Amino acid sequence: MDTTIRTAITDADYESWRAVRIAVMPYERCPTVAEIRELDRPGRLLVLAEIDGAVVGSGQADRSGDSQRASLTVFVHPDFRRRGVGTDVLRVIAEHAVAQGFDTAGTFVDDEGSRRFAGRFGFVERNREVEQVRRIGAEPWPEPPTGYEIVSVAERPELWTAAYHQVALPTLPDMDHPTPLKVSAADWANDWINDPAAMFVAVAGDEVIGVAGLKLDSDRPERAEVGYTAVRREWRGRSVASTLKRTSMAWAAEHGITEIYTWTQRGNEAMRRLNEHLGFSYGIVSITMRAPLPLTGEASPAR
């Protein structure tokens, strides 16, 4: 059976793309169709793989968070693996990345089969993230802190823009990346928050000193992903992050959420220890892999 690869364009295409992604990664929040539309930008490509008219795989080519390389993602429905679908998808999105001028690609894998698949095309491990999971029960609201206050972005929407300048830009370089992440103000406003009521900021006077909260999942409303958690350097060691996280967990308990999860990178031991202290347990390990472009192996363009 031949595989047809085509570009995802319509909302129906995006729903099909999401269906494959959810089947492959049911444990992680998938962007909604509206969010996929908002993320659209020049050079970004989403594709569908079809066999006899049925969507069996999907893929994405985009720039990485630091804009230094291409980000390639391949999903194949579990019922259609080992038929060459993943290779066909990877070939198309890798060729697109080369056409966009990238000479390096990155991807993420979280199982041994995917790691071996990526390795065939020259991808090698560069970093690891670990999932940390917390069941939500009866979560008490934390005592009001001294010296600052916790408010939701829904209460004061203007604080999310302030948080970009006062927290995100100073703290993103602290993340364990070879080159700092580049997050635009537009990305911060659209991709780093999806429900202002579930995102909280710590405010001291006129300054935002910390952020934490949840990204809700419309496909699995009982689960939520922990959003970006950060505290300005001069306020660290004063329980700001733990107070923000306890606030978000209390909010989750009152809104029917029974489980939250987050990903922490190798090198971010401080956040892992905080999560452990708050009752998180460990789950899946995600491996960051990179390869030079054009890819070697089966995904190389035909000569």
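Predicted model: local features only at pLDDT ≥ 70, side-chain atom pairs only at ≥ 80, totals over all residues.
**Helix pair α7/α8**

I started with the handedness of the α7 and α8 crossing, and it comes out right-handed.

The axis of α7, residues 240-254, comes within 11 Å of the axis of α8, residues 269-277. The two cross at roughly 50 degrees, which makes α7 oblique to α8.

Then I looked up who does the touching. On the α7 side I find Ala241, Ser242, Lys245 and Arg246. From α8 come Met271, Leu274, Asn275 and His277. I sorted this contact by class and got three nonpolar, three polar and two charged residues.

**Cores**

Which residues have the most contacts inside the largest nonpolar core? I get Tyr148, Leu214, Val240 and Ile260, in a core of 26 residues.

The strands β8 (199-204), β9 (207-216) and β10 (223-226) each supply at least two residues, and so do α7 and α8. The largest share belongs to α7, with six residues.

**Leu214 up close**

I picked Leu214 and skipped its neighbours within four places in sequence. Its contacts then include Asn194, Ala198 and Met199. A run from Ala224 through Glu225 and Val226 to Gly227 is also on the list. Further along the chain, I noted Ser248, Trp251 and Ala252, then Ile257 and Ile260. Ile260 is also one of the residues with the most contacts inside the core.

**Elsewhere**

Terms used. Residues numbered from 1 in each chain as written. Heavy atoms only, no water. Axes fitted to C-alpha atoms, helices over the stretch in contact; angles between N-to-C directions. Helix = DSSP H or I, 4+ residues; strand = E, 2+ residues; numbered from the N terminus. Parallel < 35°, antiparallel > 145°, perpendicular 65-115°, else oblique. Left-handed = near helix turned anticlockwise from the far one by under 90°. Contact = heavy atoms within 4.5 Å. Nonpolar A, V, L, I, M, F, W, Y, C, P; charged D, E, K, R; others polar. Core = buried A, V, L, I, M, F, W, Y, C linked by side-chain atoms within 4.5 Å. Buried < 20%, exposed > 50% of the residue type's maximum accessible area, 1.4 Å probe, protein only.
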